[in-house]
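I'd like to walk you through one model, so let me put it up on the screen.

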Amino acid sequence: MRIIRSGLIAIFGLAMVLFALANRTPVTINLLPPEFEGVRGLEISHQVPLFIVMFGGVLAGLIAGYVLEWIREAKERAIAAKQAQELKDLREEVVRLKSKIYEGKDEILALVEETG
């Protein structure tokens, strides 16, 4: 299974390299629309290869998706934390009640009664 996974990762990496080599044409990226550039004298634009723009868009989409999913799952994480705390409290209660029941009795007899 590890060999198949490594092979698929290698194929995907090779495809990304080939895609990058095929899309090296420089494109102009503007920070602001042309109508707003003259307002403050901010003419911020850069020439970057097309593949960087495309990979950047995919990366930004992945990050946005992960953040939105993390926010969506906040309620489930809160419920799970509450249930974990309740389970911990119940286990402590069981230990406390068992020690109260077998208080003053012989330890060996308490263990026999507990397993029986």
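Among the contacts in the protein chain with a separation of 6 or more, 36% are between residues 24 or more positions apart. Keep in mind that this is a predicted model.

Now the layout. The secondary structure comes to five helices and two strands, and from the N terminus on, the order of the elements is α-β-α-β-α-α-α.

The protein chain has 116 residues, and 5% of them are buried. The chain exposes about 10,400 Å², with carbon and sulfur atoms supplying 68% of that area.

Which residues form a nonpolar patch on the surface? They are Leu59, Ile63, Val67, Leu68, Trp70 and Ile71, and together they have about 630 Å² of accessible area. Let me pick out isoleucine 63, which is found in helix α3, residues 50-72. Is isoleucine 63 buried, exposed or partly exposed? Its relative accessible area is 47%, so isoleucine 63 counts as partly exposed, since that class lies between the 20% and 50% cut-offs.

Let's stay with α3 and look at its packing. Two packed helices are described by the angle between their axes and the distance between the axes.

Take helix α1, residues 2-22, to begin with: α1 and α3 pack at an angle of about 135°, and their axes are 7 Å apart. That angle makes α1 oblique to α3. On the α1 side the contact is made by Met16, Phe19 and Ala20, and on the α3 side by Phe51, Met54 and Phe55.

Then there is helix α4, residues 74-101. Here the angle with α3 is about 45°, and the axes are 4 Å apart. So α3 is oblique to α4. Trp70, Ile71 and Arg72 of α3 make this contact with Ala74, Lys75, Glu76 and Arg77 of α4.

One last stop: arginine 24, in the loop between α1 and β1 (26-30). Why does arginine 24 count as exposed? Because its relative accessibility is 56%, and exposed means over 50%. Which residues is arginine 24 in contact with, leaving aside its neighbours within four places in sequence? Those are Pro49 and Phe51. Arginine 24 and proline 49 are 25 residues apart along the chain, while their C-alpha atoms are separated by 4.9 Å. And Phe51 is one of the α3 residues in the contact with α1.

That's my tour, so over to you for questions.

Terms used
Residues are numbered from 1 along each chain as its sequence is written. This is a predicted model: local features need pLDDT of at least 70, side-chain atom pairs count only at pLDDT 80 or more; totals for chains, interfaces and linings use all residues. Side-chain values use heavy atoms; hydrogens and water are left out. Patches are made of residues with over 30% relative accessible area and no salt bridge: like charges are joined within 9 Å, nonpolar side chains (Val, Leu, Ile, Met, Phe, Trp, Tyr) within 5 Å. Accessible areas come from the Shrake-Rupley method with a 1.4 Å probe; for residues, only the protein chains shown count as cover. A salt bridge is a side-chain nitrogen of Lys or Arg within 4 Å of a carboxyl oxygen of Asp or Glu. Buried means under 20% relative accessible area, exposed over 50%, partly exposed in between (1.4 Å probe, protein chains only). Axes are lines fitted to C-alpha atoms, for helices over the stretch in contact, and angles run from 0 to 180 degrees between N-to-C directions. Angles under 35 degrees count as roughly parallel, over 145 as roughly antiparallel, 65 to 115 as roughly perpendicular and the rest as oblique. Contact means heavy atoms within 4.5 Å.
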